[in-house]
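Hello,

Here is the structure for your files. My notes follow below it.

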Amino acid sequence: MEHWNQLINTALLGTAKKPAGSAGMSGPLLQAADTILAQADTDKEDKFLQLAAVLYNYRQSGTQPITANVAPMKVCPPETKAYCKPAAIRVLHQVLETESIQLLQLWLEYCVKANVLVPPAQLPVILDKGWRNKSLRALVAATGGQRAAWLGHFNPDWNFSRVAYTIEDRWQNGATAQRVEALKELRVADPVMARTWLEQSWPRESVTVKTELLSVLEHPADPADIPWLESLLTEKSKQVKETATRILKKLPGSSLHEKYWQIIAGAIQLDKYGQVTVALPEITDESIFQSGIERFSSDKTVTDDTHVLYQLISSVHPSRWEGHFHRDTERVIALFQQQESLKPFIPALVLAIAWFEDKERALSFMQHSETFYIDIIPLLPAAQQQEFGEKFFDEHPDAIIEYACKHQEEWSLQLCTRIFKYAATQPYTYNQQFMNNHIRLIPVSIAATLDSITPVEAYHTGYWNNIKVHLGRLLQAKSQVQSL
Amino acid sequence: MNLSDEQVLAMAPDESSRKSGKDLANPAKWVSKGVSESALWGECQGSGSKPYQTQIDTGNMAFKCSCPSRKFPCKHGLGLLLLYSRQPASFTETTPPSWVSEWLSKRAEKEEKKNTTATAAEKQPDTGAQAKRQQARMQKVSDGTAELLRWMKDLVRNGIMDLPEKDPSFFENMIRRMIDAQAPGLAGMMRELADISYFHEGWQSAFMNQLVRIYLVIQGYQHLSALPPALQQDIRTLTGFSTSQEELKEQTGVADTWQVLGKQTTEEDRLVVERYWLHGVHTKRPALILQFYVRGQSTISNALTPGSAINAELVFYPSAAPLRALIKQQVTVPPNHSFSGYAGWQEVVSAQTNISEVLPVYNDQVYTIADLTPIWHAEQWWLQDSRQQLMPVKKTFQHIWKLLALSGGSPLHMAVTGKETLYEPIGVWHEQEYKIL
């Protein structure tokens, strides 16, 4: 190689400046070089090229592999679970072609349910998807097996997959996504234990991880967390403080919630004649405004006092009104509807019902209100969500679609048809990406009626048809996943 | 016939066909479809009033479609095959319709005719005129090589330091001159010289490698009669003289079961070059099948499926180290996953020395090597053999993660292409099965 490098140096400078030489050569190579360089009737350039040809051949004829002292590679431990069947791999190819993360999620969920692993050849693609989509990471980790964890040692982007079988194991040894999932599972089963785990590991966590893990305590929020959450308000990190405040706002027993209520209770009074008076006293406690309550109204038709009260009402638990007015839920709702002074605050009461996820009062409100409040929809039982969604679709199509997208269960065929009929009129909003992101909710049976759904405007036809073709592919792949 | 997605898609002539083929692997697109022992067919509703009739001879892997596409296979052929590979149960096993059976019998007839009428009288060429034309061409090529040599010497005299700043016409003019001189092989070698990335580290060595190769071909051509006959053929081919495929087909070939180890596709000025790397199961010899076509205008009749196997008679082009071959007859057979190959890198480099001895300007080869492990060392990937000897993996290799995932740190038998100190894996034997990368 050294001779070759010398030759390149000569080539760079040119034979006019530096003729080819045999310096450093020995043995048969030197013999050949000397013969070439001694030719009297050959010019410098020819000599150079001849020497280059000899060196080229000398090099390629004597190529040797490298013997280096390389530390042996750690071999991946054997898998304890089986790989998924070839039929599932064929479906995976179809799923990947659609580029729908939700479909891939469905496919991975099938693997988890069937207790099988993604075969090695498919792992790089799946790990890459997991790297790009946080929502897939826990599933990828659960189906990647030892091989995925092993690959993570070589590619830091994939270092979110560690083999762990129990919740405790995932919490102790898993990557962040796995720990979050473990904590979520435990939070539902044993909320106190979940908080205890987090409290114990808290000093060792980084700020980003702290925020991510703390958010888990929001679902469900537990009054027993209040002392610990309030202690976190002195944390250095702004993100952590904001998260703790958000959770505390969901807990009626928290100091902040009580402060809010004290102001409201002083401002809204029911007199002995059954009339409600509203008068906001001056708020001297600055912590109220520091907690996120806006002091001034940005709407000229709404006074600052009304604006502040509106925000406070939407932040206190709706059950408080029953004790305050000594009336049951239905009569409280009636009072809000009848009293002129309270009417402006009905939407705030609806927001409070939604904020505290008060399903019971949500149902009462829907039954006793003539007005439809869209914010209540997610709190209703699944069947009623679909029913109200269909019933009020024409009044609030975009808002109903927005809530429908948060459903846990597939849309009914009727609701789906309504949504698609509307989507056909707005194909730039409800485009292929929208279908990709919500295919989990779209029933496969809609495929049979897709042809009958057409846009109103002729110029939307082409674009909508493309969406339908794509949707057809998504539905076909979904049906394949479901048939596994 | 049991093909994987990768195998079917590897047959696609380009990326857009691959994508369209995937779209058509949808039962809703097919008005009718069926399968028999030797064929697969379907009618696909396209933009026209009548559906396109797509048919595949699964015995010899040949495609035909009534669509106007000049690509081969067309998207309908790929879609149909992909659909079959994914959902074989959706195809009814039945007798082929007349439009399929007619095509199949025509193909069989043609094949038979080819075998029996090879000796039929052909128009006798005017040998005198032919010799005259040949003489004139030899002279033209000779003049061209002399001019190219002058150009090279000027370059060497003045130094190559300024090459990265040179105008593209610096190479283009000489490439055109080689075309005019009827030396398309040398023009191609010059094109490779022009295409070197002059802004990447190490361009000097890549440039000198190619310059020397061109120099060797020129010298070989200028001293042709002094060379051994087989090497003369190599030099003629490298200069740009073609070998008559018809004449080659007259010769007796090497019959074997050939594993199709992989396919590499390159494209230059719309000319697509497909390299199929084959390995003889019994003869244990490698072979390279080259197919050329202008993008979008493929007229290739038989497609090879990477990862599959064929029973075929291959005729090798005359060479000091025969590698390139053409298929005389072929029948697709079930995949053969047996492995035979070199024990390690030492044997590979010894084999290369043997080639280099008889053919100094050899190109990339294909090797099947036992027990190679991909390892990360000194900031790059290597392939380590069972004697802990290493060879680097080409930096442009795109499937390193798939290779690593399949290996899991354990050695795998591997098929690689390359030469000297740069290799690219194209497939591995994993769990008793050959898998393309």
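Leaving aside neighbours within four places in sequence, which residues is Leu403(B) in contact with? They are Pro374(B), Pro425(B), Val428(B) and Leu437(B). Contact means C-beta atoms, placed from the backbone, within 7 Å.

Some ground rules. This is a predicted model: local features need pLDDT of at least 70, side-chain atom pairs count only at pLDDT 80 or more, and totals for chains, interfaces and linings use all residues. Residues are numbered from 1 along each chain as its sequence is written, and chains are lettered from A and ligands numbered from 1 in the order in which they are written.

Back to Leu403(B). Leu403(B) sits in helix α12 of chain B, residues 400-407. (Helices are DSSP runs of H or I, at least four residues; strands are runs of E, at least two; both are numbered from the N terminus.) Leu403(B) is buried because it has 24 C-beta neighbours inside 10 Å; the cut-off is 20 or more. Its C-alpha atom lies 9.3 Å from that of Thr373(B), 30 residues away along the chain.

Now the interface. In chain A, 46 residues are in contact with 48 of chain B. α3(A) gives the largest share of the chain A side, 10 residues. That side splits into 25 nonpolar, 13 polar and eight charged residues. (Nonpolar: Ala, Val, Leu, Ile, Met, Phe, Trp, Tyr, Cys and Pro; charged: Asp, Glu, Lys and Arg; polar: the others, Gly among them.)

The chains also share strand pairing. β1(A) pairs antiparallel with β13(B), residues 389-392, over two bridges; DSSP must find at least two for a pair. Thr67(A) stands opposite Gln389(B) in β13(B).

Best wishes

How values were computed. A residue is buried if 20 or more other C-beta atoms lie within 10 Å of its own, exposed if 12 or fewer, and partly exposed in between; C-beta atoms are placed from the backbone. Two residues are in contact if their C-beta atoms, placed from the backbone, lie within 7 Å.
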